[in-house]
Amino acid sequence: MNGFNRLERVEGREVNKIVAREKKHKCAVRTCRAEFVRPAPFVTWCSPECGAVLAMAKLAKQKQAQAAAERKDRQQKLAKFKRKADHVADCQTAFNAWVRFRDRNEPCICCGRWPSSQSLTGGEWDAGHYLSRGSHPHLRFDVRNVFKQMKGCNRPGGTTAASFRAGVVARIGLAAVEALEADHEPRHYTVDQLIAMTAHYKQELKKLKAAAA
């Protein structure tokens, strides 16, 4: 009786294998998705042509991953040779890009005008510092001090201090402007802080763009 039960179980497993082999699956190629019976469990393509498509896609993905790894390695090596000034510049670029997008729906902080182009990449717009980086370097990354500004207004003779101040007062209020002007506390950023701030503003820009999409 036990021998008969074992034989029945073996036959049952064989039947299940046959059924599994005969079960139809959809081709893994998205543009195909034809139904087919797998000749082996690892086969996910319905034809040699689709197999070639999947193989090429896998190869392309591997190349992309390798290129990304090489790019990361190269960036890490270059970072070792960066001066602190280079990290300041990187942070300023990320911060300025965030400011321009933050103020995307605002006109020029100085003149209140809009240019013919609405590009936020720096073609028509700058991230203008009310209190300049030269005289107030500690406020270069202060969100109260930097606004989207037309390039013409951000050049020597492009605007007046009074016009700029009036625009900032209208935007953030007189009390905030007076607090900004009274802020003389030095900021001494370390390289690690600058790297973290650069990453922070890049991430914040991504969030703003995702929310605006």
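The legends below describe an overview and several close-up views of one predicted model.

In this predicted model, local features need pLDDT of at least 70 and side-chain atom pairs count only at pLDDT 80 or more, whereas totals for chains, interfaces and linings use all residues. Residues are numbered from 1 along each chain as its sequence is written, and side-chain values use heavy atoms, with hydrogens and water left out.

**Overview. The chain contains six helices and four strands.** Their order along the sequence is α-β-β-α-α-β-β-α-α-α, where helices (H or I, at least four residues) and strands (E, at least two) are DSSP runs numbered from the N terminus. Of the 213 residues, 27% count as buried, a class that requires under 20% relative accessible area, with exposed meaning over 50% and partly exposed in between (1.4 Å probe, protein chains only). The accessible surface comes to about 14300 Å², and 57% of it belongs to carbon and sulfur atoms; these areas come from the Shrake-Rupley method with a 1.4 Å probe, and for residues only the protein chains shown count as cover. Among contacts (heavy atoms within 4.5 Å) between residues at least 6 apart in sequence, 59% join residues at least 24 apart.

**View 1. Helix α3 (residues 84-102) packs with helix α6 (residues 191-212).** The two axes, which are lines fitted to C-alpha atoms over the stretch in contact, with angles running from 0 to 180 degrees between N-to-C directions, come within 9 Å and cross at roughly 20°. Helix α3 is therefore roughly parallel to α6, given that angles under 35 degrees count as roughly parallel, over 145 as roughly antiparallel, 65 to 115 as roughly perpendicular and the rest as oblique. Residues making the contact include Cys-91, Phe-95 and Trp-98 of α3 and Leu-194, Tyr-201 and Leu-205 of α6. Cys-91 is itself buried, with a relative accessible area of 0%.

**View 2. Helix α4 (residues 161-172) meets helix α5 (residues 174-181) at an angle of about 120°.** Their axes are 7 Å apart, and the angle makes α4 oblique to α5. The contact is made by Arg-165, Val-168, Val-169 and Ile-172 of α4, together with Leu-174, Ala-176, Val-177, Glu-178 and Glu-181 of α5.

**View 3. Cys-108 and Cys-153 are in contact with each other.** Cys-108 lies in the loop between α3 and β3 (125-129) and is buried at 3% relative accessibility. Not counting residues up to four places away in sequence, Cys-108 also touches Arg-113, Trp-125, Lys-148, Gln-149 and Met-150. The structure holds zero disulfides, a disulfide being a pair of cysteine sulfur atoms within 2.5 Å. Cys-153 is accordingly in no disulfide, and the nearest cysteine sulfur, that of Cys-111, is 3.8 Å away. Cys-153 counts as buried, at 7% relative accessibility.

**View 4. Arg-140 sits in the loop between β3 and β4 (146-150).** Not counting residues up to four places away in sequence, Arg-140 touches Val-88, Gln-92, Phe-95, His-129, Arg-133 and Val-146. The C-alpha atoms of Arg-140 and Asn-96 are separated by 9.8 Å, although these residues are 44 apart along the chain.

**View 5. Arg-33 has a positive phi, near 55°.** Most residues other than glycine have a negative phi. Arg-33 is found in the loop between β1 (24-26) and β2 (35-37), and at 41% relative accessibility Arg-33 counts as partly exposed.
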